[in-house]
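Here's a quick tour of the charged pairs in this protein. Take a look at the sequence and structure first, then read on.

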Amino acid sequence: MSKIDYPLDRIRAIAFDVDGVLSPSLVPMDANGVPMRMANLKDGYAMQFAVKCGLKIAIITGADTESLRHRFGALGIRDIYLRASQKLPVFQEWMTLNGLNPDEIAYCGDDIPDIPPMMHAGLSVAPADAATEVRQCAKYISPAAGGHGVARDLIEQILRAKGIWMNDTKAFGW
């Protein structure tokens, strides 16, 4: 039984912000000021499995670090948008390129720049530690904090609703 009050079997795509969603909000910097983000392995497993199951996944972030392109590309994600200063136009372009309707998309964000695409998506999701304004506009607030399993929580519920979570042999490998 899903904790999300939304017809999850309708979801065909998910867009994620990075900092505060797929990595914690507190990001250490190296000596040159380059962020050194953490990656949650359970989120990574769920994301690569979702791609294998046919869900479209997008990364839409204001960050500009090639390590993000490498990390998410290694998981099979092809739609990676870095330096997205305005996220809604990027989100809408991604929808159009993939023939998606808003009610088929979940958007997961944690801060003010994520509100416009969250308001446009059928299912808006926030981590437990998202900004107050973001939690107020979210249809679902994950019990996980950013970087601590938000993607896994969302993807597992969607794939369970579709009857494909751990339902064939491709679930048991990377």
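## Salt bridges at a glance

Arg69 is partly exposed, with 36% relative accessible area (buried means under 20%, exposed over 50%, and partly exposed in between, using a 1.4 Å probe and protein chains only). This is a predicted model, where local features need pLDDT of at least 70, side-chain atom pairs count only at pLDDT 80 or more, and totals for chains, interfaces and linings use all residues. Residues are numbered from 1 along each chain as its sequence is written, and side-chain values use heavy atoms, leaving out hydrogens and water.

Side chains of opposite charge can pair when their charged atoms come close. A salt bridge here is a side-chain nitrogen of Lys or Arg within 4 Å of a carboxyl oxygen of Asp or Glu. The structure has 10 of these salt bridges, including the following:

| Pair | N to O distance |
|---|---|
| Arg69 and Glu66 | 3.2 Å |
| Lys87 and Asp114 | 2.8 Å |
| Arg160 and Glu156 | 2.9 Å |

Arg69 and Glu66 sit three residues apart in helix α2 (residues 66–74), so about one helical turn separates them. Helices (H or I, at least four residues) and strands (E, at least two) are DSSP runs, numbered from the N terminus.

Lys87 belongs to helix α3 (residues 87–97), while Asp114 is in the loop between β4 (105–108) and α4 (115–120), so their pairing ties together parts 27 residues apart in sequence. Lys87 is buried at 7% relative accessibility, and Asp114 is buried too, at 1%. Both join Asp17 in a network of salt bridges.

Arg160 and Glu156 are four residues apart in helix α6 (residues 150–161), about one turn of the helix. Arg160 is exposed, at 51% relative accessibility.
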